[in-house]
Amino acid sequence: MTAAIIDGKAFAEELRARVADAVPGFAAAAGRAPGLAVVLVGEDPASSVYVRSKGKATTAAGMLSLEHRLPASATENELLEVVRLLNADPQVDGILVQLPLPAHIDEAAVIAAIDPAKDVDGFHVVNAGKLAVGDRSGMVPCTPLGCLMLLKEQRGDLSGLDAVVIGRSNIVGKPMAQLLLAESCTVTIAHSRTRALSDVVRRADIVVAAVGRPEMVKGSWLREGAVVIDVGINRVAGAEPGKTRLVGDVDFADAMGHVGAITPVPGGVGPMTIAVLLRNTLVAAHLRQGLPVPEGI
Ligand SMILES: NC(=O)C1=CN([C@@H]2O[C@H](COP(=O)(O)OP(=O)(O)OC[C@H]3O[C@@H](n4cnc5c(N)ncnc54)[C@H](OP(=O)(O)O)[C@@H]3O)[C@@H](O)[C@H]2O)C=CC1
Ligand SMILES: Nc1nc(=O)c2c([nH]1)NC[C@@H]1CN(c3ccc(C(=O)N[C@@H](CCC(=O)O)C(=O)O)cc3)C=[N+]21
Ligand SMILES: [Mg+2]
C-alpha cells in the first residue's frame with residue numbers, strides 16, 4: 001500500500017478562496033471589511049515571520065489587517081490596555097495575541113481579557129468551555145479545527161474510530177481531543193507521563209501528534225493504514241552547515257511505509273492554521289454584525 005500525502009497547503013488555499021469569496025457580501029451588508037488584529041510582544045524571529053504571513057493572508061482575503069507590536073519589555077498592563085482598545089474597536093472582529101508571551105506576562109490573564117466574541121484563537125475559557133459542553137456557538141481553535149477538516153476530507157465519517165492525540169496543551173492537544181470526541185471517536189490523550197506510548201499509538205486509526213519533539217513518532221508505532229496528522233513544527237539542523245529545515249513530530253519517511261495517509265511538514269497543518277484563522281475572523285464578523293454565517297466555510 002502506498003501512503004497518501006494529505007495536501008494541507010492545497011486544502012488551505014481552497015478554504016482561503018471560499019473565505020475571500022464571502023468577504024464582499026459581508027462588506028456590502030456591514031459597510032466595512034472584516035478586521036483582524038494581531039498583537040506581537042517582543043522580536044522573536046519565528047513569531048515575526050508568522051505574524052507577517054498572517055497579515056499578508058488577511059489582506060489577500062480582502063480583510064482589514066491591524067498589527068500591534070510591543071517591545072519585549074512591555075508590561076502586562078500595557079498589553080492589557082492594547083487588548084482593551086481592540087475589544088472596544090468596532091472595526092476589529094478578531095484579536096490574536098501571538099504566543100508565547102515573555103515570561104513576566106501572565107498568558108492566562110491576557111487571554112481572559114480578550115472579548116470572547118473576538119477570540120479568533122478560541123483560547124478564552126468561555127470558548128474552551130463551549131467546545132467542551134458541545135455548544136457550537138463558540139470560536140474553535142484554528143490548528144485543531146484545521147486538523148479536523150483535513151481528517152474529514154481524508155476519511156469522511158470518523159464515528160467509532162480510535163483516535164490518539166499526543167500532547168495535552170490548551171491550544172492544540174485538548175481542543176483536538178474535544179473535536180474528535182464530538183465526532184464520536186474513541187479518544188485517548190497521551191502526554192509526557194504516558195507509559196508505553198508506542199503501544200498506545202499502535203491502536204489508533206487516527207494519530208494527531210502535537211508534541212514539539214522532532215521525528216519522535218516512528219513508523220513501527222503506527223497501525224497499518226492509520227491516518228496521521230503531524231502538528232509539530234520543529235526547526236532542526238539541515239544537511240549543509242548553517243542551514244536549517246523544518247520537520248514534524250513524526251518521522252515522515254519512516255511513517256510512509258506504514259500509514260494510509262499523512263500530512264507533511266511543511267505544507268500540512270501549518271497552512272490550515274492560517275486559513276482557519278481567516279475563517280474564524282469571517283465567522284466572528286458575521287456573528288458580531290448579527291448576520292447569518294455563510295454556508296460551506
Ligand atoms: N502547525 C501549527 O499550526 C502549529 C504547530 N504547533 C506545534 O505543535 C507542537 C506542539 O505545540 P503545543 O501544543 O503548543 O506544545 P506544548 O509544549 O504546549 O505541549 C506539548 C505536549 O507534548 C507532551 N509531550 C512532551 N514530550 C512528550 C513525550 N516525550 N511523549 C509524549 N508527550 C510528550 C507534553 O506533555 P506534558 O503536558 O506532560 O508536559 C505536552 O502535553 C510544537 O511543535 C508546535 O510548534 C503549535 C501550534 C500551531
Ligand atoms: N495566539 C497564537 N495563535 C496561534 O495560532 C499560534 C501562536 N499564537 N503562536 C505560534 C503558533 C504556531 N503557529 C503556526 C502557524 C502557521 C504555521 C505555518 O504556516 N507553517 C508552514 C511553514 C512556515 C515556515 O516555513 O516557517 C507550514 O507548516 O507549511 C506554523 C505554525 C501558530 N501559532
Ligand atoms: Mg518501519
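Start at ligand 2. Helix 2 (45-60), strand 4 (94-97), helix 6 and helix 10 (269-289) each give at least two residues to the shell around ligand 2. Helices here are DSSP runs of H or I with at least four residues, strands are runs of E with at least two, and both are numbered from the N terminus. This is a predicted model: local features need pLDDT of at least 70, side-chain atom pairs count only at pLDDT 80 or more, and totals for chains, interfaces and linings use all residues. Residues are numbered from 1 along each chain as its sequence is written, while chains are lettered from A and ligands numbered from 1 in the order in which they are written.

**Stay on the ligand shell.** Select Leu99, Pro266, Gly267, Gly270 and Thr273. Of the 18 residues around ligand 2, these come nearest. A residue counts as near if its C-beta atom, placed from the backbone, lies within 6 Å. Which helix supplies the largest share of the shell? Helix 10 does, with four residues. Now colour by class. The shell has 12 nonpolar residues, five polar and one charged. Nonpolar covers Ala, Val, Leu, Ile, Met, Phe, Trp, Tyr, Cys and Pro; charged covers Asp, Glu, Lys and Arg; the others, Gly among them, are polar.

**Colour the domains.** Domain 1 is 31-124 and domain 2 is 142-270, with bounds from an automatic or database domain assignment. Their centres, taken over C-alpha atoms, are 27 Å apart. Each domain contributes at least three residues to the shell around ligand 2.

**Select helix 6 and helix 10.** They pack at about 110 degrees, with axes 8 Å apart. Helix 6 is therefore roughly perpendicular to helix 10 (the class for 65 to 115 degrees). Axes are lines fitted to C-alpha atoms, for helices over the stretch in contact, and angles run from 0 to 180 degrees between N-to-C directions. On helix 6, show the contact residues, including Cys142, Leu145 and Met149; on helix 10, those including Val269, Met272 and Val276. Contact means C-beta atoms, placed from the backbone, within 7 Å. By class, this contact has 10 nonpolar, four polar and no charged residues.

**Turn to the sheet.** Helix 6 (142-155) lies across strand 7 (206-209), strand 8 (227-230) and strand 11 (261-262), at about 160 degrees to strand 8. Show the open sheet of six strands: its order is 1-11-8-7-5-6, with parallel pairing. Strands pair if DSSP finds at least two bridges between them. Strand 1 (4-5) and strand 6 (186-190) are the edges, each pairing on one side only. Finish at strand 5 (162-166). Five bridges join strand 5 to strand 6. Select Asp162: its bridge partner in strand 6 is Thr186.

Notes
Contact = placed C-beta atoms within 7 Å. Parallel < 35°, antiparallel > 145°, perpendicular 65-115°, else oblique.
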